[in-house]
Amino acid sequence: MHSQFSAGPPSNDRAERDVPGLPSPASGADRTPLRYDVIIAGCGPTGATLAAELRLHDVRVLVLEKETEPKSFVRIVGLHIRSLELMAMRGLLDRILEHGRQRPAAGFFAAINKPAPKGLDSAHAYLLGIPQPVIERLLEEHAIALGAQVRRGCAVAGFEQDDEGVTVELADGEQLRSRYLIGCDGGRSTVRKLLGVGFPGEPSRTETLMGEMEVGVPQEEIAAKVADIRETHQPFWLRPFGRGIYSVVVPAAGVGDRAEPPTLEDFQQQLRTIAGTDFGVHSPRWLSRFGDATRLAERYRVGRVLLAGDAAHIHPPIGGQGLNLGVQDAFNLGWKLAAQIRGWAPDTLLDTYQAERHPVAEDVLDNTRAQMELLSAEPGPRAVRRLLTELMDFDEVNRHLIEKITAIGIRYDFGAGPDLLGRRLRDIDVKQGRLYGLLHRGRGLLLDRTEGLTVGGWSDRVDHLADPTAALDVPCVLLRPDGHVAWIGDDQQDLDDHLSRWFGRPAG
Ligand SMILES: Cc1cc2nc3c(=O)[nH]c(=O)nc-3n(C[C@H](O)[C@H](O)[C@H](O)COP(=O)(O)OP(=O)(O)OC[C@H]3O[C@@H](n4cnc5c(N)ncnc54)[C@H](O)[C@@H]3O)c2cc1C
């Protein structure tokens, strides 16, 4: 565990604030000192995950979060299989499992109720129900434990980039400088807007109110009414949440200003309109609203500034994919950006982040568009929903949809090769136990069943496990730090070419 940066950045905020007479970003030698390698705007799940991934490689990271306190409202339904696998790959899964509830990996495509397909290709084939504030806290704690600095109450308000770095300006005028800036600052991303990157797509057509509050009528009365209404209004529920508190979800009257939180009266009014009663709701803990806008950033990178998570893509929460997608962006980007900073990245490595992740987000946006259609109460979409419900009785259809939503079906385009190339490798048995246990340090791994290959001059970046017993049906695989298969084969020259492609020039 690293408690300080190894390369000498300040270990507390005061040192940064003490920099006297901050000059303009473009003033050459007078510039604000380059104290950080990476500044991340936003300490949501994406920003916290990225910070931790970078710290595995001793990158000096500062996370700036505009909120002074962590969020308290609960948005998330669950962590899907691929995210659980990634947590296992970094030794975090056991801690996360303590805080969640495992459920079958089923029933989340358009909320169509079907059992999980048998034999999903994962050692972690379940959904983990866990509230978003809890997962955010665990990810932030993990990043801090690895040595990331997190400053709360600091909103990124501007930046300017040049050949050597980015000067970031905070809302209070303070300036900080780093080599890269990553916008993980959510759907209304300031970084994306300042970067001038287009965010095309569809605006919200509907909005939903969501909150936690107490109710004034018995549970049985609520349950009967809710079951009735859910026949026609999918985004509607009142669920007991413990200690007399209910989670309430109800369609909003229209599309409003999402920056303005809704009021208790808005909830009461909408409950009366839809259910004929407001269930005596009172004493709200928190109130929120969300829309169904669907948008994707045109570019994920402009020079030294990159986007990840909701800053790069937004879509309706159906299927519970947004947080998962952002965390997976961070795993894709982290080691590549670290390689760039450590100086061993091949020229095009950082650009593979957009090449690989943009199509994945496009696919998620499309599947949420499809799911939203299937929730419509109109006769046409209801007929399509009935048909798809029938089709999902075919195992291959059900499996395809689950693999899509849980992200275990992703295959990056690494060129021609066997089907496994570009896919993630599941957590197989190896002679030291489990494969993912060997990936905690975020390095590459050669899993060598021939016992005849070597990682040579790449051994400072890539581990080598000679293991004839590994449960694989190919001779050798080269895994990237994010667990995707970068090469399959048994020829040393071919391996060296692929080590160069992903891990740069050999040392020495
Ligand atoms: C009702 C609902 C249910 C959902 N359920 C699920 C689910 O089951 N599964 C799932 O995967 N996803 C779900 N999502 C989506 C999920 O909540 C988001 O996709 C996820 O929070 C995105 O994470 P992020 O870190 O990219 O962005 P955010 O969580 O939005 O975090 C961005 C952070 O940046 C900070 N910030 C903003 N501007 C600045 C600035 N200028 N400077 C510094 N900091 C800034 C914000 O305060 C925030 O902390 C749901 C969403 C909703 C609305």
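## Buried salt bridges

A residue counts as buried under 20% relative accessible area, as exposed over 50%, and as partly exposed in between (1.4 Å probe, protein chains only). By that rule Arg424 and Glu85 are both buried. Their side chains form a salt bridge with an N to O distance of 2.6 Å; the term stands for a side-chain nitrogen of Lys or Arg within 4 Å of a carboxyl oxygen of Asp or Glu. The two residues are 339 residues apart, with Glu85 in helix H3 (residues 81–89) and Arg424 in the loop between H12 and strand S18 (429–430). Helices (H or I, at least four residues) and strands (E, at least two) are DSSP runs, numbered from the N terminus.

Before going on, a word on the model: it is predicted, local features need pLDDT of at least 70, side-chain atom pairs count only at pLDDT 80 or more, and totals for chains, interfaces and linings use all residues. Residues are numbered from 1 along each chain as its sequence is written, and side-chain values use heavy atoms, leaving out hydrogens and water.

The whole structure holds 31 salt bridges. One of them joins Arg60 to Asp37, with the closest N and O atoms 3.1 Å apart. Arg60 sits in the loop between helix H2 (45–55) and strand S2 (61–65), and Asp37 in strand S1 (residues 34–41), so this pair ties together parts that are 23 residues apart in sequence. Arg60 is buried at a relative accessible area of 13%, and Asp37 is buried at 5%.

Arg480 and Glu356 make another salt bridge, their closest N and O atoms being 2.8 Å apart. This pair links distant parts of the chain, 124 residues apart: Glu356 belongs to helix H10 (residues 352–374), while Arg480 is in the loop between strand S22 (476–479) and strand S23 (485–488). Both Arg480 and Glu356 are buried. There is also a network, in which salt bridges with shared partners join Arg82, Glu85, Asp121, Arg424 and Arg426.

## An antiparallel sheet and its helices

Four strands form an open sheet in the order S11-S12-S10-S13, with antiparallel pairing; two strands pair if DSSP finds at least two bridges between them. Strand S11 (237–240) and strand S13 (282–291) are the edges, each with a single partner strand, so one side of each has no neighbour in the sheet. Direction ignored, neighbouring strands are turned by 15° against each other on average. S11 pairs with strand S12 (residues 245–251) over 4 bridges, and Pro240 has Tyr246 in S12 as its bridge partner.

Helix H7 (residues 219–230) packs on this sheet, touching S11 and S12, and its direction makes about 145° with that of S11. Contact here means heavy atoms within 4.5 Å. Axes are lines fitted to C-alpha atoms, for helices over the stretch in contact, and angles run from 0 to 180 degrees between N-to-C directions. Helix H8 (residues 264–275) lies across strand S10 (207–214), S11, S12 and S13, at about 65° to S12.

## A mixed sheet

Another open sheet of 4 strands runs in the order S21-S20-S22-S23, with mixed pairing. Its edges are strand S21 (462–466) and S23, each with a single partner strand, so one side of each is left without a neighbour in the sheet. Strand S20 (residues 444–448) pairs with S21 in the parallel sense over 5 bridges. Leu445 has Asp463 in S21 as its bridge partner.
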